Amino acid sequence: MQIVKAEFKCSSAKVSQVPKDDLRDIAFIGRSNVGKSSLINMLTGRNGLAKVSGTPGKTRLINHFEINGKWYLVDLPGYGYARASKTTVGEFSKLITDYILKCEKLHYLFVLVDSRLEPQKIDLRFIEMLGMNGIPFGIIFTKADKLSKSQLQKSVTRYGQVLKEQWEELPPMLCSSSEKGVGREEILAFIEKCLSEC
Ligand code: GTP
Ligand code: MG
């Protein structure tokens, strides 16, 4: 898929503020600093479209970016960062859980995990919550430029093994480097398929 138009639509502090049209959302979630906003910039080829920072907790609101006038890429606040939010439902903010569990616009969710790290408990708990609620999702391993090909493969395999302890079937798993543009074609092709399927 070609992205010919990518523009910021709005930031929402509550789910009631998200756009009231029938364009579908493809959203990115994950721990603070994992690279959600960077990935949105890489996919759209527009540096600075989503705000990136080395300090965790940069994205605090739900940000909608309209793509090709047809669907939205959605940048969500990160979880796992103590100062990120005051209202929480367990360890995830109410904004995140309200959006994920109640927003009908959400069509598909990518959970981003840092490819350099062992599976993190908070991500596994988040994934479990998605499973329990039947939310369709895939996993993207970020910052792949920081690992060799074989280390990356090992990391993905390891993640799969841990998930297999809980899940019968593994979710789709993709790799990315926003720094090097790795994974762009695969992720966009996946999104295209996802949007065309229903
Ligand atoms: P929050 O909004 O705080 O939840 O963070 P985020 O998940 O949106 O992360 P963001 O995109 O702001 O990136 C966090 C840091 O990681 C920044 O310093 C980025 O430059 C860096 N980063 C993101 N993606 C990559 C990548 O693919 N490779 C490398 N080497 N660094 C990356
Ligand atoms: Mg961000």
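Two rings of Phe, Tyr or Trp make an aromatic pair if their centres lie within 6.5 Å, and planes over 60 degrees apart count as edge-to-face. Keep that handy, and remember that this is a predicted model.

**Exercise 1: Aromatic rings**

Work out how many aromatic pairs the structure holds, then classify the pair made by Tyr79 and Phe92.

*Solution.* 
- Step 1: The count comes to 10 aromatic pairs.
- Step 2: To describe any such pair, you need the distance of the centres and the angle of the planes.
- Step 3: For Tyr79 and Phe92 the centres are 5.1 Å apart and the planes stand at 75°, so this pair is edge-to-face.
- Step 4: Now place the two residues. Tyr79 sits in the loop between strand 4 (71-75) and strand 5 (88-89), while Phe92 belongs to strand 6 (residues 92-93), so the pair ties together parts 13 residues apart in sequence.

**Exercise 2: Around ligand 1**

*Solution.* 
- Step 1: Use the cut-off of 3.5 Å between N or O atoms for a polar contact. An oxygen atom of ligand 1 lies 2.7 Å from a backbone N or O atom of Ser178. For Gly35, again through a backbone N or O atom, the distance to a ligand 1 oxygen is 2.9 Å. Lys143 uses a side-chain N or O atom, 3.0 Å from an oxygen of ligand 1.
- Step 2: On its own, ligand 1 has 650 Å² of accessible area, and the protein covers 88% of that. The space it takes is the largest pocket.

**Exercise 3: Positive phi**

Say where Asn68 and Lys143 lie, and give their phi angles.

*Solution.* 
- Step 1: Most residues other than glycine have a negative phi.
- Step 2: Asn68 has a positive phi, near 50°, and is found in the loop between strand 3 (62-67) and strand 4.
- Step 3: Lys143 also has a positive value, near 60°, in the loop between strand 8 (137-142) and helix 4 (149-164).

Note on methods
Residues numbered from 1 in each chain as written. Chains lettered and ligands numbered in written order. Predicted model: local features only at pLDDT ≥ 70, side-chain atom pairs only at ≥ 80, totals over all residues. Heavy atoms only, no water. Polar contact = N/O pair within 3.5 Å; in protein donor to acceptor, adjacent residues only side chain to side chain. Areas by Shrake-Rupley, 256 points an atom, 1.4 Å probe, with all protein chains shown as cover. 1 Å grid on protein atoms, 1.4 Å probe; cavity = no way out; pocket = protein on both sides within 12 Å on 5 of 7 lines; lining within 4 Å. Sits in = over half its atoms within 2 Å of the grid points. Phe/Tyr/Trp six-rings, centres within 6.5 Å; stacked < 30°, edge-to-face > 60°. Helix = DSSP H or I, 4+ residues; strand = E, 2+ residues; numbered from the N terminus.
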